[in-house]
Protein chains: 2
Amino acid sequence: MATRKMRKPKAKAVTSEKTTTKEIASRIKKSAERMVKEIKAHKDPSFTTMQRGKSNVVWDEKKGYLSLGDKTVTRNFLNVAHARKFMQTSLIMSKTNEYLLHNKTASIREIYYELKHTIEGTKENTFEGQDESDPTIVDLEHSVNTIREKLNLHANPKGTLYGNITLKDKMHHNDKFNASKLGRGGWSIMSRMEPEEIEIIETDADYLLVVETEAMFERLIEEGFPKDNHCLLIGVGGQAARGARRLIHRVHKELDLPTYVFTDGDPYGWYIYSVIKQGSMALAAHSEFMSVPKSKFVGMTLDDIKEYKLENVTENMKDGDIKRAKEMMAYPWFQNKDWQALLKKALVDKKRIEQQALANRRLDFVATHYLPEKIRNKEFLP
Amino acid sequence: MATRKMRKPKAKAVTSEKTTTKEIASRIKKSAERMVKEIKAHKDPSFTTMQRGKSNVVWDEKKGYLSLGDKTVTRNFLNVAHARKFMQTSLIMSKTNEYLLHNKTASIREIYYELKHTIEGTKENTFEGQDESDPTIVDLEHSVNTIREKLNLHANPKGTLYGNITLKDKMHHNDKFNASKLGRGGWSIMSRMEPEEIEIIETDADYLLVVETEAMFERLIEEGFPKDNHCLLIGVGGQAARGARRLIHRVHKELDLPTYVFTDGDPYGWYIYSVIKQGSMALAAHSEFMSVPKSKFVGMTLDDIKEYKLENVTENMKDGDIKRAKEMMAYPWFQNKDWQALLKKALVDKKRIEQQALANRRLDFVATHYLPEKIRNKEFLP
């Protein structure tokens, strides 16, 4: 067997927010000091962050991802409508500053629980639920212009990696491990996949295949697909978690690896692809470090139903699918003829098709025919 | 550092259905041949399986797990109420027989898709949804008296393993890997964890800790808990999947490892524990190979709220929690004073407490105080 060329990270690939932890902590401190100064001067203390929501999301066609516009919003403590939010922001600022100083990290649920309490002498809780702390975290990310991982915060872990790639965990005895040598289970992707912690060493893969369902991920491993086709697999288990998105982004950028996405043939699956490719509206400010604008969509499409004789195993679209397809048709980043045609077909036929429905042809059909043909013939959607 | 003693699997621990694949295939064949014989003799062909549902679930106090009683049910082809089910059973029998002969495995969603089609000359589909094929699979398991893994079927993978344990995947280049050397991510547990495929080699751990949420699993690794306390961690991510349950069962039995379960303090979490310990009503027939009757519950309880000063971070129980607590109070396997007292308290206080709420004391409190104290003092619920 010929030795395959190993890809190693390109030195100049920028996949990480390069601002130092010290600098981030100093931005938080500066913001807090300004508040204190305002209070001491008997002024109304204020906090400024970026405006969120659809009205401030910009589709950056040149960069190929969603980003945040420049509208800001300022909250004043002495405004009854703002006071509670202001108090919450101060708490989050103080706690993340503490994490940064003590080199601790926390999940967004943990910081919520750490900060939740009844304010002394009142019956007022700092937070009633995580739905109050989560947006406050985003406010702070935007205000100090960083990603939450740099504030030492993270979401839950989800997703699995398989294939001939070597990673190193610099925070865990410098463990080096190869994700093709862990049996058929694969490596459980962490919630934090920052370069300062996890280093990508090398791979011999020709491309990365992102798979919506963990069950299809297992099928492809059972069929020996990654080995035969020299590719890496990442199973995202539905909408990709932040850790999985960061890993996909980094593998693509640092190793210059073509990236294909394989989802169910329905608006939910297509939206999973678009979040991986162009980013999401909720995290538009972070697309630079999360999105993969050059990724391609390998399937499933509704044309696959006829092409691969899957008429027997379609499902009817639900109302939610139809609503989502209509919304997607209007998004600027879906304005190209292939996606418009697919979404239109979805609204006319009202059918959907799952990845696992390919088993109707034969269990190994996806690995021996469907994916190899599509990838060889470059039958991708943009 | 002193060398720690390694535990290796006990030769006589029976953790696996020992019937050979050949024997299972022959039972399927025998059942099919009987049907053919009945048809040829112009008799009404029939299929017999075990009756399911609560009325045939038996609490085996001596063995400490749920099992299935001996009530059977027979379906006849020439009965309009049975004919469709009969046709479906024949299809599942034929397909699993094919898997066994060709050494293929499939998920229960894949077999559904493989078999779904419109019957020639009719408008009748073999299956309308997976909710029709899943019970048919259970019927066949019961009829030929085996677990579905022996029929080469499995559910979706879920769950993660971390700690100083070495496994070998006999179906994947005999990969040997140690789940403490994969960085902080851990190993992704497969849907099938059968001894014929995955071999447990050894561990130096003193116990296994099963954790409900993946986020708490990550917290304990970040705090170095498994290393400092010489334990294995399995994060089940909610209700444990079959693969995770099989792994917990096997680690406990083969390595004779004490097993503790750590869930949220609410009826849903306590039920997760009871399924790991005593099995579930839906899979009562398989408790022998899935349950861990000697496992102990380490928390959380509602007494923890006062004990660990967590009054600020409780949540109100929802109607579903209250309904479930009432049901659990009546189950024979919850008839002991500790559990009755806890469930009663739940119904009176109507409060719940999450694992991650321990962050309210400090992020590392769970790893430095809560778990070590409880485990050292053997403060377990049975």
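According to an unreviewed UniProt entry, residues 84-152 of chain A carry the annotation "domain: Spo11/DNA topoisomerase VI subunit A N-terminal". In this predicted model, that span is 59% helix and 3% strand, and its end C-alpha atoms lie 24 Å apart.

**Helix 1 of chain A**
- Helix 1 of chain A comprises 20 residues, 21-40.
- From first to last C-alpha, helix 1 reaches 28 Å, close to the 28 Å expected at 1.5 Å a residue.

**Open sheet of chain A**
- An open sheet of chain A is built from three strands in the order 9-8-11, with antiparallel pairing.
- Strand 9 (175-178) and strand 11 (198-203) stand at the edges; each has a single partner strand, so one side of each is left without a neighbour in the sheet.
- On average, neighbouring strands of this sheet are turned by 20° against each other, direction ignored.
- Five bridges join strand 8 (residues 165-169) to strand 11 in the antiparallel sense.
- Within chain A, I165(A) stands opposite T203(A) of strand 11.

**Contact between chains A and B**
- Chain A contributes 43 residues to the contact, and chain B contributes 43 residues.
- On the side of chain A that touches chain B, at least two residues each come from strand 5 (106-107), helix 3 (108-115), strand 8, strand 9, strand 10 (187-188) and helix 5 (214-222).
- The residues on this side of chain A divide into 16 nonpolar, 15 polar and twelve charged.

How values were computed. Residues are numbered from 1 along each chain as its sequence is written. Chains are lettered from A and ligands numbered from 1 in the order in which they are written. This is a predicted model: local features need pLDDT of at least 70, side-chain atom pairs count only at pLDDT 80 or more; totals for chains, interfaces and linings use all residues. Helices (H or I, at least four residues) and strands (E, at least two) are DSSP runs, numbered from the N terminus. The expected span of a helix is 1.5 Å times one less than its number of residues. UniProt positions are given in the numbering used here, feature names are shortened, and annotations may be inferred rather than shown by experiment. Two strands pair if DSSP finds at least two bridges between them. Axes are lines fitted to C-alpha atoms, for helices over the stretch in contact, and angles run from 0 to 180 degrees between N-to-C directions. Two residues are in contact if their C-beta atoms, placed from the backbone, lie within 7 Å. Ala, Val, Leu, Ile, Met, Phe, Trp, Tyr, Cys and Pro count as nonpolar, Asp, Glu, Lys and Arg as charged, and the others, Gly among them, as polar.
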